[in-house]
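Hi,

Here is the structure I promised to pass on. Have a look, and then read my notes below.

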Amino acid sequence: MKRLKEHRMAVWGAILLLVSLTACSTSAPPNPVAQQGQPAQSGGTAATPAASAGPRPQFYDFADIPVPTELDLVQKESYVFQSGNLKAGILTFKGRVDATSLINFFQMAMPRENWKPKGGFRYKKSVLIFDKPDKTCIINLFEKTYYTYAEIYVAPSNSQP
């Protein structure tokens with residue numbers, strides 16, 4: 001339990017570091033919001049005919065972060081904070097899927113929602129970092145005995161007028 005807390009603190013520290021290093025940007029209007037803990041019916045950008053050929057992802061509390069349908073939300077390990085236009089938090093998912101296929105999914109699906117890949121690392125534990133002018137998303141992927149887990153951290157970026 002102590003190790004899990006240390007791991008989460010390290011990831012939150014990485015989020016805060018990314019937020020503090022983000023360049024100046026302007027705030028975008030808020031996106032449509034899905035009900036907390038429930039998938040939304042549609043995504044952020046319109047799909048092209050080639051993109052609509054595959055299975056459609058789900059969208060939970062963040063309308064511009066696609067999640068594969070093979071993953072289930074772990075509500076007791078998910079936290080979302082919203083105050084006005086500010087929305088941040090962590091969504092935790094689990095499913096019986098291959099970690100490499102999840103990495104490939106997020107590397108393909110996030111840019112379709114206008115996220116810019118910023119880096120990351122992979123293998124035993126994998127981390128993907130994406131950025132938008134007004135927020136940062138860190139996706140932490142790891143495998144346990146029966147399931148693969150995806151922790152999606154979302155934090156606002158520094159914006160200055």
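One term before we start: a polar contact is a pair of N or O atoms within 3.5 Å; within protein, one must be able to donate a hydrogen and the other to accept it, and residues adjacent in sequence count only if both atoms are side-chain atoms. With that in hand, look at Lys 87, whose side chain gets to 2.4 Å from the backbone oxygen of Asp 61.

This is a predicted model, where local features need pLDDT of at least 70, side-chain atom pairs count only at pLDDT 80 or more, and totals for chains, interfaces and linings use all residues. Numbering runs from 1 along each chain as its sequence is written, and side-chain values use heavy atoms, leaving out hydrogens and water.

Back to Lys 87: you'll find it in strand S5, residues 86-95 (strands are DSSP runs of E, at least two residues, and helices runs of H or I, at least four, numbered from the N terminus). Lys 87 is buried (under 20% relative accessible area, 1.4 Å probe, protein chains only). Still, Lys 87 has no salt bridge (a side-chain nitrogen of Lys or Arg within 4 Å of a carboxyl oxygen of Asp or Glu). The nearest side chain of opposite charge, Asp 61, is 4.9 Å away (Lys and Arg count as positive, Asp and Glu as negative; His and the chain ends are not counted).

Zooming out, the chain has 2 helices and 9 strands, in the order α-β-β-β-β-β-α-β-β-β-β. Of its 161 residues, 40% are buried.

Finally, confidence: mean pLDDT (the predictor's confidence in each residue, from 0 to 100) is 77 for the chain, and 64% of residues reach 70 or more.

Cheers

Terms used:
Buried < 20%, exposed > 50% of the residue type's maximum accessible area, 1.4 Å probe, protein only.
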